[in-house]
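Hi,

Here's the structure I said I'd pass along.

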Amino acid sequence: MCNKAAISSLLLLSLVLIPGAMQEPADPAPPQHPTAAEPLSQPGAKGVSRDETQPAVPVPPGPVPPSEIKPGPPTPISVEKDELGDDENWDPQWDVIVEENLPAELLSKQVSRAVHQFCPRFDSMSEADKRSYWAYFFQALAGAEAGLKPTSDVRHTEPEVAVIDKITHRITRQEGLLQLTYEDSDRYGCEFDWDRDKELAVRDPDKTILQPRNNLLCGVRILKNQLIDLNEPLLTPKSYWATLRPDTVSYRVFAKQMTNVPTSCRATQRRPLKKGELPVREVDAEAPATQPSR
């Protein structure tokens, strides 16, 4: 019995002396707090002829606060693609790209006259509404030029437009959402890298010219050059884009896409545009949705 008692005493003593013996398990590590959600833009603007709006979208850090970003309403072609379940549709994140990178001149009184036909109240609108207008404008331009497909490309064979691109040394292709060319990297400082892209397939979405951000920001540069640097109207035979040249089939395709501009553009309008009604006299008849030529 004494031996058993002695053994029990020794065991108890060892438990006391051994670090951590008989201790309760350590508390589990506190849960990691989730990363703060990316701030959201305002909900999208309503259009003059349709009630569809884009939901608020995440806005990455940039020069414009999320509260000043308002995605534009959907263009007619975007609505049609939604109804058909087409995955190649306008991404509201592209509105953010446009709105965060608009030069101050495109938000100033300098362009009020140029955009008056589509946005009569531009000069009195808030900057957020002006940005929303330009986001809608580029969506409409991409709809007319490329059917909203970022990998769209066209190589024309007509002698007057089948010219050699000085960067690629091949017959010029118009590529991406706004149907641009590699020469624009020299003309307007666009971020297109032919040395990298020439190893990729024609419609590879990794091509720098087909990446929506590069394509859209190049379009912003081209438009600023037309409206501000050259002091040309928005609609002119000299425009880079055939879709902005009046009295052409291409222009009619573009004008059809401009029928759902943000309501802030036409807040004084007495009645909403009827379905299929176009805002300008030149486009009373519906134009076929053909690929515009340059």
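Predicted model: local features only at pLDDT ≥ 70, side-chain atom pairs only at ≥ 80, totals over all residues.

Asparagine 101 sits in the loop between α3 and α4 (112-115). Its relative accessibility is 29%, so asparagine 101 counts as partly exposed. Asparagine 101 also has glycine 62 at 9.0 Å, C-alpha to C-alpha, although 39 residues separate the two in sequence.

**Helix against helix**

Next, α3 and α5. Two packed helices are described by the angle between their axes and the distance between the axes. For helix α3 (residues 92-100) and α5, the axes come within 9 Å and cross at roughly 120 degrees. That angle makes α3 oblique to α5, and the crossing is right-handed.

On the α3 side, the residues that meet α5 are Asp95, Val98 and Glu99. Their partners in α5 are Ala128, Arg131, Ser132, Trp134, Ala135 and Phe138. Sorted by class, the contact of α3 with α5 has five nonpolar, one polar and three charged residues.

**Helix α9**

α5 (127-146) comes up again here: along with α2 (76-84), α5 is included in what covers the buried residues of α9. Which residues of helix α9 (residues 249-257) are buried? They are Ser250, Tyr251, Val253, Phe254, Ala255 and Gln257. Two of these, Tyr251 and Phe254, also belong to an aromatic cluster.

**Aromatic pairs**

The structure holds 13 aromatic pairs, and I'll pick out two. In the pair of tyrosine 182 and tryptophan 194, the ring centres are 5.1 Å apart and the planes are at 65 degrees, so the pair is edge-to-face. Tyrosine 182 is in the loop between β2 (174-175) and α6 (184-187), while tryptophan 194 is in helix α7 (residues 194-197), so this pair ties together parts that are twelve residues apart in sequence. Are these two residues buried or exposed? Tyrosine 182 and tryptophan 194 are both buried.

The second pair is tyrosine 240 with tryptophan 241, which is edge-to-face too, at 5.1 Å centre to centre and 70 degrees between the planes. Tyrosine 240 and tryptophan 241 are both buried as well.

**Positive phi**

One more thing for the backbone check. Most residues other than glycine have a negative phi. Glutamine 179 has a positive value, with phi near 55 degrees, and asparagine 231 also has a phi near 55 degrees. Where do they lie, and how accessible are they? Glutamine 179 is in the loop between β2 and α6, and at 1% relative accessibility glutamine 179 counts as buried. Asparagine 231 is in the loop between α8 (212-229) and α9, and a relative accessible area of 64% makes asparagine 231 exposed.

That's what I have for now.

Cheers

Conventions
Residues numbered from 1 in each chain as written. Heavy atoms only, no water. Buried < 20%, exposed > 50% of the residue type's maximum accessible area, 1.4 Å probe, protein only. Helix = DSSP H or I, 4+ residues; strand = E, 2+ residues; numbered from the N terminus. Contact = heavy atoms within 4.5 Å. Phe/Tyr/Trp six-rings, centres within 6.5 Å; stacked < 30°, edge-to-face > 60°. Axes fitted to C-alpha atoms, helices over the stretch in contact; angles between N-to-C directions. Parallel < 35°, antiparallel > 145°, perpendicular 65-115°, else oblique. Left-handed = near helix turned anticlockwise from the far one by under 90°. Nonpolar A, V, L, I, M, F, W, Y, C, P; charged D, E, K, R; others polar.
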